[in-house]
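Student: I would like to learn how to read a model like this one. Where do we start?

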Amino acid sequence: MTATDTRTIVPLTTPTRLAALIAPILLILYGLCRLVDGLNGQRHDGLAWDVGHTLFLLGILGFAGLLLGLRRALLGVARRSRVLVEVATVAGLLGAAAFVWVILGDLFPRVADTVPDPVLTVGPALFQLGLLILLVRAATVRPRLLPGWGPALAFVGFVALAVDLDLLPVGAALVFAGLLPLARADR
């Protein structure tokens, strides 16, 4: 059996396809709430902040589900890159956990005191790196699952987020566009 033999291909589950669709939408909504929250020149001061961070939290949990779903689908095809897929999944999940910790710190001041600085810097990078590796692997191993432009758009979206958090809606929209083929895959 070859790596591209259809008998080895594990289809994406419905929850994985939904995560690919919903997680970036939640990030877009978070970005919009963040912009609304800052309209008065201050942040952290109201309903938009709380709603936005709750949407962000749900989005990150959705991305964690997407990481696990991609792992499942890729391990069935890419036996030679099993270690890469596993390491990328662990990195992405550790980054997602760091994001959850930071988000909870933003929502609850007592938690904020427990978030060490490395979590703030390394966590997002691990999440993005892990997800991007899995997306690139999906595009190379299963191009009908995800075309090559999908990971590229997600990468550009992540770069936009790193440049300026006020670009969150635009960056999240690029991530959404990059992941959209996954939401429609294996139907």
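Student: What should I know about the source?

Tutor: This is a predicted model: local features need pLDDT of at least 70, side-chain atom pairs count only at pLDDT 80 or more, and totals for chains, interfaces and linings use all residues. Residues are numbered from 1 along each chain as its sequence is written, and side-chain values use heavy atoms, with hydrogens and water left out.

Student: Is H53 buried or exposed?

Tutor: H53 is buried, since its relative accessible area is 1%. H53 belongs to helix 2 (residues 47–75).

Student: Which residues does H53 contact, leaving aside its neighbours within four places in sequence?

Tutor: Contact means heavy atoms within 4.5 Å. With those neighbours set aside, H53 touches Y30, I103, D106 and L107.

Student: How many helices and strands does the protein chain have?

Tutor: Both are DSSP runs, numbered from the N terminus: helices are H or I with at least four residues, strands are E with at least two. The protein chain has 7 helices and 0 strands.

Student: How do I describe two packed helices?

Tutor: Use the angle between their axes and the distance between the axes. Axes are lines fitted to C-alpha atoms, for helices over the stretch in contact; angles run from 0 to 180 degrees between N-to-C directions. Take helix 6 (residues 149–163) and helix 7 (residues 168–184): their axes come within 7 Å and cross at roughly 165 degrees. Helix 6 and helix 7 are therefore roughly antiparallel to each other. The cut-offs are under 35 degrees for roughly parallel, over 145 for roughly antiparallel, 65 to 115 for roughly perpendicular, and oblique for the rest.

Student: Which residues of helix 6 and helix 7 make the contact?

Tutor: Helix 6 contributes residues including W149, L153 and F158, and helix 7 contributes residues including L168, V175 and P181. By class, the contact of helix 6 with helix 7 has 13 nonpolar, 4 polar and no charged residues. Ala, Val, Leu, Ile, Met, Phe, Trp, Tyr, Cys and Pro count as nonpolar, Asp, Glu, Lys and Arg as charged, and the others, Gly among them, as polar.

Student: And the whole chain?

Tutor: Of its 187 residues, 48% count as buried. The C-alpha atoms of the protein chain fill a box of roughly 60 × 30 × 25 Å, taken along the principal axes.

Conventions. Buried means under 20% relative accessible area, exposed over 50%, partly exposed in between (1.4 Å probe, protein chains only).
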